[in-house]
Amino acid sequence: MFLEQGIKPENKFWKYLLGSVFIISASFVGQLPITAAVFYKTFTQHVAFPTTNEGIMNMFESNTTLFLVMISFVFAFAGIYFVVKFIHHQTLLSVTTSRSKVDWKRIWFSFFLWSFFSLVSFLFVYLRAPEQFVLQFKLVPFLILVILGCILIPIQTTTEEYVFRGYLMQGFANLAQNRWFPLLMTSIIFGSMHWTNPEVGKMGNIIMIYYIGTGLFLGVITLMDEGMELALGFHAANNLVGALLVTSDWTVFQTNSIFKDLSEPSAGIDVILPVVVIYPILLFIFSKKYGWTNWKEKLTGNIKYVELKA
């Protein structure tokens, strides 16, 4: 079982605190390139030093910004590998899935399923109000974005999944010895990590329903499927399709996407709809395809650990 793979007497919770600090520190090291680039541009081109995250994001050409920002996730993933192997003495597979090897078919199924939903959703919004979008397609910058995005965005989303649905999920399971507490805590922390996104400032705190709800959805499919494969595919599709298809001035990244959204952001049905309608539909599809049963036990039950005798 997925959570049980991290339940060991020597996996004290202080190790997870130490490991989390190490992973965060590795991420900070990965931010040195963009920090150096900001200082270099500031002093060589005599531009004002940015005082906000938005200012840093707009300081470079968007493909350059994407590259510099995503480097930190490469370092963070290396930090996860180090922590799992040398602090917890586990394999990376043990915080990925309960299966004997990673099921790539599950990853690709989830990836293409959510890509399809995302494209259909965009088409619906576009046909309803085409005047809110402008075609900004430029071949060379877009091709560079495709290359960078296909390499770096899956690294970013995979790193986040290993932190929340893998490492911390098992960490909170060690602490609470049940399933509902890891599910709840990782969902809240995952959503809270997006609090500084510019979308929150534009739409208000109600958008946190979407972020926390998405974390809850990813946690549910991880626990029900006894592995992160479906969450890995979904998260990669969500970020990659979004980066390639449409951008706006009020999102975290302004990419060389095909379209630009000119509308003013507002928190309405589009924030609630995925959580209360779309995600349940996905859960139904996944449950039928993979034969999920015993939902209550898998999502809220206690974890029974029996220490093996020497």
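Where is the place of histidine 46? The views below come from a predicted model, in which local features need pLDDT of at least 70 and side-chain atom pairs count only at pLDDT 80 or more, while totals for chains, interfaces and linings use all residues. Residues are numbered from 1 along each chain as its sequence is written, and side-chain values use heavy atoms, with hydrogens and water left out.

View 1. Histidine 46 has its place in the loop between α2 (32-44) and α3 (53-57); helices here are DSSP runs of H or I with at least four residues, strands are runs of E with at least two, and both are numbered from the N terminus.

**View 2. The largest nonpolar core, around leucine 282.** A nonpolar core is a set of buried Ala, Val, Leu, Ile, Met, Phe, Trp, Tyr and Cys residues joined through side-chain atoms within 4.5 Å. The largest one has 58 residues, and those with the most contacts inside it are Trp114, Phe217, Ile221, Leu282, Phe286 and Trp292. The elements that give two or more residues to this core include α1 (13-30), α4 (62-87) and α11 (269-290), and α6 gives the most, with 13 residues. Leaving aside neighbours within four places in sequence, leucine 282 is in contact (heavy atoms within 4.5 Å) with Leu113, Trp114, Phe117, Phe217 and Phe234. A second, separate core of 8 residues includes Ile34, Ala37, Leu68 and Val69.

**View 3. The second largest pocket and its lining.** A pocket is found on a 1 Å grid over the protein atoms alone, as an open set of points where a 1.4 Å probe fits, with protein on both sides within 12 Å along at least five of seven lines, and its lining residues have an atom within 4 Å of a point. The volume of this pocket is about 300 Å³, where volume is the space filled by probe spheres set on the points, which are joined across faces, edges and corners. Of the 14 lining residues, Trp104, Ile107, Pro154, Thr158 and Ala236 lie nearest the centre. The elements that give two or more residues to the lining are α5 (104-128), α6 (139-176) and α10 (229-245).

**View 4. Helix α10 and glycine 149 of helix α6.** Of the 17 residues of α10, 15 are buried, so this helix is largely enclosed by the rest of the structure. Glycine 149 is buried too, with a relative accessible area of 0%, and its C-alpha atom is separated by 7.6 Å from that of alanine 243, 94 residues apart along the chain. Apart from neighbours within four places in sequence, glycine 149 is in contact with Leu66, Pro154 and Leu240.

**View 5. Serine 248 in strand β2.** Serine 248 lies in strand β2 (residues 246-248) and is buried, with a relative accessible area of 2%. Not counting residues up to four places away in sequence, serine 248 touches Phe253, Gln254, Lys260 and Asp261.

Conventions
Buried < 20%, exposed > 50% of the residue type's maximum accessible area, 1.4 Å probe, protein only.
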